[in-house]
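Please open the structure in your viewer and keep a selection panel at hand. The tour below moves from one selection to the next and says what is found at each stop.

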Amino acid sequence: MNYTIHFSQVVEYIPYLIGGAWISLQVAFLAFCGGMVIGLFGAMAKTFGGVIIRRVVDAYVSFITNTPQLVQIYFLYFALPEAGIVLDSYEAVLLGMTLNAGGYLTEIQRAGFLSVRRSELEAAETLGMNLMQQVRYVILPHIMKVLFPSLSNLYILMTLGTSMAAIFGLEELTGRALNINAETFRSIEVFSLTAVLYFFVTVAASLTLLFVGRVFFRVKGKVF
Amino acid sequence: MWDRVAEELPRFFTYYNVVFFLKAMFTTFLLSLIGCVLGSIFGGLLAVIKITKSKVLWPLRALALVYVEFFRRIPFLVTLLLIFFFFQAFGLEVSVFTVALVSVWVIATAFIAEIVRSGLEAVPTTQWEAAAVMNFNLLQTLGTVILPQAWKVILPPAFSFFVLFIKDTALASQIGVVELTYSAKVLNNKGFSAALAFGVVLLLYYILSYPLAKFGAWMEMKLEISKHRSM
């Protein structure tokens, strides 16, 4: 082995890397929020919609969950310009991640919808609530308790998934690590530092989710 | 877009391109299969270490905990690059396929350890206690009491993790492994329409993953029914 490990050259880049981690978290958060909206509509369509709309949502979910996110973003980034739609790398990554999250969140939220008991909905109907009110006051508070663990799990996986954005030239945590690698050639040091930062970022995200779950939805969970 | 795709279609599906795609598809499948099988063996080992109670083994337990928590919280791409540069720095001449395989193995070990551990913990404590009363040692307890009950809980999520990893191996294209995503990039670079190349590869991933996902869902349903009967 003729490689000596020097962290000294890399240490000065830590603030730069932390800035990248912030962008990673932003992308994950935006994509998650978009995905939640898509997932909510998808789950509602699958639960209450007619046959055709159910088929369409099924096809979307099955396509998203059975193909890699990376290739989906490749498709958006390289193939859409051929149809005249040019997305820059940030838009392509965000759109790809949102659509991807939407597919998974449709399935997760549908499982939550199914956990609501028939009699509860009948009680809501007796009170004269319309569909939107039922979703707002009966279904949502109920399913949040059931769904919170899988939602926070997906959120962590999505935070890790943002590393894909580096491939499209976005300067988030992995992208910045690649930049530093190109500048200093200290590959092992840079990427182990990046790995440690990802660890802390996801632990921070888990702790935040745990707090949100405890305070707003009275869900008990654990970080490790 | 559509007329360009239609125009290129006959030139796209030549014998060589089809063979190229099928080989790439096989590489994708092999990468996740071998990685997950190795990951299951080592992950199972880690899970057993994590549930041991003996005081002497605490360093091993701590190591297992750190390993599992760490590798579940870093992206596959970063693991891949880290292991790639690691092999390079140590001057080991290995193929990129091996590098990707080791990365899948490392990640799969961490995830499957967690799946197996939750499966082992799903078996009621009374079963453990009964085995202890009968003076079974750890191996006997696991082999004759716990695993026959736990495998039904372990298998479905482990299988869905395997299917998940078929998709994650797309990232191996970044270090130059010739798998499905890489083959699409090659054909796109040869001048074929990106919509065609990536569209076909999306379809091939779907063909690979959909039956396996369906099989996993079916297995989950089957095992769930029998679980309720036996307990």
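Begin by selecting chain A and colouring by secondary structure: read along the sequence, chain A follows the pattern α-α-α-α-α-α-α-α-α, that is, nine helices and zero strands, where helices (H or I, at least four residues) and strands (E, at least two) are DSSP runs numbered from the N terminus. This is a predicted model, in which local features need pLDDT of at least 70 and side-chain atom pairs count only at pLDDT 80 or more, while totals for chains, interfaces and linings use all residues. Residues are numbered from 1 along each chain as its sequence is written, and chains are lettered from A and ligands numbered from 1 in the order in which they are written.

Of its 224 residues, 42% count as buried, a residue being buried if 20 or more other C-beta atoms lie within 10 Å of its own, exposed if 12 or fewer, and partly exposed in between, with C-beta atoms placed from the backbone.

Next, select α7 (residues 131–161) and α9 (187–217) of chain A. Their axes come within 10 Å and cross at roughly 160°, the axes being lines fitted to C-alpha atoms over the stretch in contact, with angles running from 0 to 180 degrees between N-to-C directions. α7(A) and α9(A) are therefore roughly antiparallel to each other, a label for angles over 145 degrees. Among the residues that make the contact are F148(A) and Y155(A) of α7(A), and V201(A) and L209(A) of α9(A); two residues are in contact if their C-beta atoms, placed from the backbone, lie within 7 Å.

Now show chain B as well, and select the interface, where 33 residues of chain A are in contact with 34 residues of chain B. On the side of chain A that touches chain B, the largest share, ten residues, comes from α9(A).

F185(A) is exposed, with 11 other C-beta atoms within 10 Å.

Finish at N135(B), which lies in the loop between α6 (125–133) and α7 (138–168) of chain B. The phi of N135(B) is near 65°, again positive in a residue other than glycine, and N135(B) counts as exposed, with 7 C-beta neighbours inside 10 Å.

Technical notes
Parallel < 35°, antiparallel > 145°, perpendicular 65-115°, else oblique.
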